[in-house]
Structures are given as C-alpha cells and as structure tokens.
Amino acid sequence: MTSHSRAAVDAIFAESFGFNSPNQNTRGTELSINIQGDGIVRSFEESVVVSAPGKDPAIKHTLSCSLEELYQGATKRVKITRQVADRRGLTRETEEILTIDTKPGWKKGTQITFEEKGNERPNITPADVVFIVDEKPHSEFTRDGNDLIVTRRISVTEAFTGYTGRIITLDGRNLTLPINDVIHPNYQKVVPNEGMPILGDPSKRGVLKIKFDIRFPTRINALQKAGMRRLFGP
C-alpha cells in the first residue's frame, strides 16, 4: 500500500470510527483490519490483563476443647457472623453455623480451616476462618503428648505396705490398679495403652502414668522411731 493509500485509510478510520488507524493505536486492545475490494473489515481482540484479586488475612479463633472431647471425639458447632454480598454488590450481615468434628488424638495447636468464610467485599477474596484447638485444664489428668498423667496422694504406710489405685478414665471406665511395690518419691506406675488415642490410629494409645505424693509425718514419737529401726535396721 502506497503512502497516499495509507493516508486515505487513516482518514476513513478517523471519520467513520472516531479513532486512529491500527498503525497508531496499540494500547489495551489489539486491532486488525483486512482490505477486501473497496470495503474495510474491522476485528477486535481484547488483551487487557486483569490482576488476580487480593485475599483478606485469615481470621483466627480459639477452639476450647476438654480432654474428654479430644479423647473420644466430639461434634462442636460454632456460630459466626459475617458480611455477604448479593449480585448487586450490596452486603448484609448473616449468621452461620460451622460444624467441627474433633478427632480422637487431636492436640493443642491443631488448626481447622474453613476457606473463604470471612466477610465478602468487592474485588477481594474473603478471608479463611481458622480455629486453633486449645485444651481446657482437667481436674484429674494432665497431658504430655500422647500420655496422660495423674497424681495420687498416699501415706507413708501405703507407700510401704501397698496401695490400690482407682481411676475413672476419660471415657468413663473404672480402673482398679493394685500396687505392691515400695512406692518411693520418684516411683511412678506406668499403665500401657491407657493414654490418649494416637491420631490416625485410634486403636493405639499412649500410656497412663500414676505419680505419687507421699505424705510424710511432721514428727514421730520415740516408740515409733524404735519400731522403724527394728523394721529397717540401723
């Protein structure tokens, strides 16, 4: 095409379509033209790149669980309030119930994520809502990983002559544990497979450890001292 013909085409574009010819317009939208006889055919190909929308930071909540709930598993329901948008982009407040099924063996710090359950806003991906497990203190047991620990206070007489421990487990069973060993201050009774369930294989458990707090008398009389010397020697 001669320079005169190109100029004529530019003039036709400017007059007919209100913008310059494709040789002068290269931003945002790509244009291509074909000259067919005395007609001009126009086509458009969009090339605008749209950035991926941002996402709000995760919203974190504490999920308090008893040892019983982490031992046996439980269903917990949590109500959240969030903003949701309709088709027109208008938001309204709504309440929603989230269901969390705790698994036997879950530990403090376990995280449960509900994706995109935060507030809805234009051009922003809603935040994830994350619940982080925390263990409530228990009146009887403390937890050490997969093991459970319980402490019993006993007398010196029981420490030397024998003691029978009675424990109600986290799932309600009654354990009777006769101990005929001499119970010294560092002694502990270890009961296999009576600890917390092991996550992924609930048929296996940690151990139960029974520790002892021995009540020593603050004073003994001369007769008692003599009896102890006869029993234990010099």
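**Briefing on a predicted protein chain**

Asp201 counts as partly exposed because its relative accessibility is 27%, where partly exposed lies between buried (under 20% relative accessible area) and exposed (over 50%), found with a 1.4 Å probe and protein chains only. This is a predicted model, in which local features need pLDDT of at least 70 and side-chain atom pairs count only at pLDDT 80 or more, while totals for chains, interfaces and linings use all residues. Residues are numbered from 1 along each chain as its sequence is written, and side-chain values use heavy atoms, with hydrogens and water left out.

**The chain as a whole**

- The protein chain has 4 helices and 17 strands, which are DSSP runs numbered from the N terminus (helices H or I of at least four residues, strands E of at least two).
- Of the 234 residues in the protein chain, 29% are buried.

**Salt bridges**

- The count of salt bridges comes to 16, a salt bridge being a side-chain nitrogen of Lys or Arg within 4 Å of a carboxyl oxygen of Asp or Glu.
- Asp201 is paired in this way with Lys204, and their closest N and O atoms are 3.8 Å apart.
- Asp86 forms a salt bridge with Arg88, with 3.5 Å between the closest N and O atoms; Asp86 is partly exposed at 34% relative accessibility, whereas Arg88 is exposed at 68%.
- Lys209 and Asp147 also form a salt bridge, at 3.9 Å from N to O, and this pair links distant parts of the chain, since Lys209 lies in strand β17 and Asp147 in strand β11 (residues 147–155), 62 residues apart.
- Both Lys209 and Asp147 are buried.
- A network of salt bridges links Arg82, Glu96, Lys117 and Glu120.

- Phe212, which lies in strand β17 (residues 208–215), counts as buried because its relative accessibility is 8%.
- Leaving aside neighbours within four places in sequence, Phe212 is in contact (heavy atoms within 4.5 Å) with several residues, among them Arg152, Ile154, Tyr163 and Tyr187.
- The C-alpha atoms of Phe212 and Val150 are separated by 8.6 Å, although these residues are 62 residues apart along the chain.

**Gly172 in a loop**

- Gly172 is found in the loop between β12 (163–168) and β13 (174–179), and at 48% relative accessibility Gly172 counts as partly exposed.
- Between the C-alpha atoms of Gly172 and Glu68, which are 104 residues apart along the chain, the separation is 9.5 Å.
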